[in-house]
Amino acid sequence: MSQAKTLTQPELRRVLDYVATRKHAARNRAMLLMTHYSGMRVGEVAAMRIDDVLDADGKVRSEIRLDAEQTKGNYARVVFVNEKLQKELTKYLSLYAPVDHAQKLFYTQKRMKEGFNANTLTQHFHHLYRKVGIEGASSHSGRRSFITNLAAKGVGVRVLMSLAGHRNIATTQVYIDCNDNQKRAAVELV
């Protein structure tokens, strides 16, 4: 089984442009960018509750604490939320404006309060990437792109491991893609 494709900036832009033309654009954009801007797994995104994301003042947190049952490996962890993602989530929540903060962050049309589960969100991303025509992209593409982009900017593998919620550096290293442009730039450093 091949790994999920990492997306280039133009490819991510294509997906976001497509999302903007469809129903539930704010929700779909926020879900997609959670994987690309924080490296969260699709199951973690699906498990998010509004209370996980908003602080007592109703502001989007800069750190989201995931309980063990919300993660793949059953290890609690902290997800750091950059300013771009905070703005996206703030915009989404201003449009969504749910009253019950214990409900899921991302609703579905059929199951408003229960929202997406990992499987339905995986399928949602699969169909989204297929509609845009990006071969090899999957629900894991945002996570791989997040890790690869940070590695290309010089972030150390131990930091990447922690951000990804991995327990082993070797697992993180498998996520990192490299391309010819990165190789050209690397040899110029000699």
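Threonine 148 sits in helix 7 (residues 141-152). Helices here are DSSP runs of H or I with at least four residues, strands are runs of E with at least two, and both are numbered from the N terminus. The model is a predicted one: local features need pLDDT of at least 70, side-chain atom pairs count only at pLDDT 80 or more, and totals for chains, interfaces and linings use all residues. Residues are numbered from 1 along each chain as its sequence is written, and side-chain values use heavy atoms, with hydrogens and water left out.

Threonine 148 has a relative accessibility of 7%, so this residue counts as buried. Buried means under 20% relative accessible area, exposed means over 50%, and partly exposed lies in between (1.4 Å probe, protein chains only). Leaving aside residues up to four places away in sequence, threonine 148 touches Thr6, Tyr175, Ile176 and Asp177. Contact here means heavy atoms within 4.5 Å. A polar atom of the threonine 148 side chain lies 3.1 Å from the backbone oxygen of tyrosine 175.

Helix 7 also meets helix 2. The axes of the two helices come within 6 Å and cross at roughly 30°. Helix 2 is therefore roughly parallel to helix 7, a term for angles under 35 degrees. Axes are lines fitted to C-alpha atoms, for helices over the stretch in contact, and angles run from 0 to 180 degrees between N-to-C directions. Thr35, His36, Tyr37 and Ser38 of helix 2 make the contact with Ser141, Gly142, Arg143, Ser145 and Phe146 of helix 7.

Helix 2 covers residues 25-38, and its 14 residues should span 20 Å at 1.5 Å a residue. The expected span is 1.5 Å times one less than the number of residues. The end C-alpha atoms are 19 Å apart, which agrees. Helix 2 is mostly covered, with 11 of its 14 residues buried. Among the buried residues are Arg27, Asn28, Met31 and Leu32. Thr35, His36, Tyr37 and Ser38 are buried too. Just after helix 2, glycine 39 adopts a positive phi of about 75°.

Phenylalanine 80 has a relative accessible area of 45% and is partly exposed. Between phenylalanine 80 and aspartate 180 there are 30 Å in space, C-alpha to C-alpha, and the two are 100 residues apart in sequence.

Methods: Polar contact = N/O pair within 3.5 Å; in protein donor to acceptor, adjacent residues only side chain to side chain. Parallel < 35°, antiparallel > 145°, perpendicular 65-115°, else oblique.
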